[in-house]
Amino acid sequence: DIRIIRDFIREKHGNHFYLFNVHEQNYDTKIFDDKVIFMPFPDHCSPRISYFEESSKRISKVFEDDPKCTIFLHCKAGRGRSGTVICAYQMYSKNVSHVDEAIFAVNEKRSPEHMSITIPSQLRFLHYFERKCLKGEPKVQSISIEKVEFNPQFNREMIFSFNNGIPYEDKEEFRKKFDGKSITFTDLHASNEFVIFIYDINSSKDCVRIQLHSNYLTSGNEN
């Protein structure tokens, strides 16, 4: 019962609390006197770079209004998505000197195996946000993609799709088969956020997502 959670929070923190929900499933915020921020994004992917800045501003505002406040930031499992947002706030508020320090602190506090944030796109976009915090907005650029190699390789023929945007807010441009080892492009240009999805031949559900942002990429290889 969610009221048990409310009673526990009130017992420990009185009225000095706020909830920050990044999970897609919402709940009755009146139970918590409407002291809930609802900014969901899908599991196993990163939100937009602009999300990090907006979520950090809203967290900062809560602390400005109530310095004694404790914020309960949660997703479903309490690891990847919530840990990613916490890391972004730590960088935004300059509580850490670099992104790896933020990731280490979150992994140490939230996961016994020190593996809270493990999704490559979440880690990658946190490093993008670090660059934005340190150097400001990057130069807007379109990039040319020549080849995507997989290691380890798939041992079978697969399907890939190229999509503009972030997962669940994306627009598919095209979809093709490939040998499971590498994808070669002849004339592919990407701008802003984009995703390459990988599918099994007989499945409509993706098994790999490669989520990138053109403005933060440089010439050469991107892991």
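**Loop between β1 and β2**

I started with D34, which is found in the loop between β1 (17–21) and β2 (36–38). This is a predicted model, so I treat every angle here as computed. D34 has a positive phi of about 60° although it is not a glycine. Most residues other than glycine have a negative phi, so I made a note of this one.

**Next to it in sequence**

I then looked at K35. Its charged end sits over the ring of F17, 4.6 Å from the ring centre.

**The other positive phi**

Y168 also went into the notebook, with phi near 75°, a positive value in a residue other than glycine. I placed Y168 in the loop between β5 and β6 (171–178). Its relative accessible area is 58%, so I logged Y168 as exposed.

**A cis peptide**

Which residues does the cis peptide bond join? I found N151 and P152, with omega at about 5°. Most peptide bonds are trans. P152 lies in the loop between β4 (142–149) and β5 (158–164).

**Aromatic pairs**

I counted aromatic pairs next and came to 14. One of them is F63 with Y89, 6.1 Å centre to centre and 50° between the planes, which makes the pair tilted. F63 is partly exposed at 28% relative accessible area, whereas Y89 is buried at 14%.

I also checked F197 and Y199. Their ring centres are 6.3 Å apart and their planes sit at 40°, so I filed this pair as tilted too. F197 counts as buried at 6% relative accessibility, and Y199 counts as buried at 7%.

**A charge over Y199**

I stayed with Y199 for one more entry. The charged end of R175 sits over the Y199 ring, 4.3 Å from its centre. So my page for Y199 now has a tilted partner in F197 and a charge from R175 over the ring.

**The Phe cluster**

Last, I looked up which residues form one aromatic cluster. I wrote down F150, F154, F160, F162, F174, F178, F185 and F194.

Definitions and conventions:
Residues are numbered from 1 along each chain as its sequence is written. This is a predicted model: local features need pLDDT of at least 70, side-chain atom pairs count only at pLDDT 80 or more; totals for chains, interfaces and linings use all residues. Side-chain values use heavy atoms; hydrogens and water are left out. Helices (H or I, at least four residues) and strands (E, at least two) are DSSP runs, numbered from the N terminus. Buried means under 20% relative accessible area, exposed over 50%, partly exposed in between (1.4 Å probe, protein chains only). Rings of Phe, Tyr and Trp (its six-membered ring) pair if their centres lie within 6.5 Å; planes under 30 degrees apart count as stacked, over 60 as edge-to-face and the rest as tilted. A charge sits over a ring if NZ of Lys or CZ of Arg is within 6 Å of the ring centre and within 35 degrees of the ring normal.
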